[in-house]
Amino acid sequence: KGVVIYHYINPFNLFDLDFETFSILLTVILSLLGAFIIYRPFCQFICPFGFISWVAERFSIIRVRIDKEKCTKCGLCIKECPLEAAKGLVYAKKFPADCFSCARCLKVCPVDAIQYKSVFKKGITNCSS
């Protein structure tokens, strides 16, 4: 009953040894090559869960935020962050990794520059900006 377009680009079909379409292999190759430029390209651009989490992060009213004036750029948050979101924030990358609010960066910041704050508070940078 109908066609599921996602089936033709879902690389998880490779686990079933489902090589019926060239597009699955092409998606895997492009994702691997894209990973040299963009953090987790499949998760950001193709995966439905990745899209939902991206939307939830971008429209969240309370997020992990950093006060640039307090930040000493010691790098502890970058080292502790499992998803490289802190690295994207510190280095102002165009496509930062998604921040899932694990709060590891909050726990290691020696100057309390990173906190959960409202997006309406001025002078503080969003983790997902």
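Trainee: Let's start with helix α3. What do the buried residues of α3 pack against?

Mentor: In this predicted model, they pack against α2 (41-45) and β1.

Trainee: Which residues of α3 are buried?

Mentor: Helix α3 covers residues 48-58, and its buried residues are G50, S53 and E57. Here "buried" stands for under 20% relative accessible area.

Trainee: Why do the buried residues of α3 line one face of the helix?

Mentor: The general idea comes first. An α-helix makes a turn every 3.6 residues, so residues three or four places apart point the same way. Now the case here: looking down the axis of α3, the buried residues lie within an arc of 70°, so they line one face.

Trainee: Let's turn to the nonpolar core. Which residues of the largest one touch the most other members?

Mentor: That core has 13 residues, and V64, I66, C77, C105 and I114 touch the most other members. The elements giving two or more residues to this core are β1 (62-66) and α5 (85-90). Helix α5 gives the most, with four residues.

Trainee: How much of the chain is buried?

Mentor: Of its 129 residues, 34% count as buried. As for the surface, the chain exposes about 8,800 Å², and carbon and sulfur atoms supply 66% of that.

Trainee: What about contacts along the sequence?

Mentor: Take the contacts between residues at least 6 apart in sequence: 61% of them join residues at least 24 apart.

Methods
Residues numbered from 1 in each chain as written. Predicted model: local features only at pLDDT ≥ 70, side-chain atom pairs only at ≥ 80, totals over all residues. Heavy atoms only, no water. Buried < 20%, exposed > 50% of the residue type's maximum accessible area, 1.4 Å probe, protein only. Contact = heavy atoms within 4.5 Å. Areas by Shrake-Rupley, 256 points an atom, 1.4 Å probe, with all protein chains shown as cover. Core = buried A, V, L, I, M, F, W, Y, C linked by side-chain atoms within 4.5 Å. Arc of directions from axis to C-beta.
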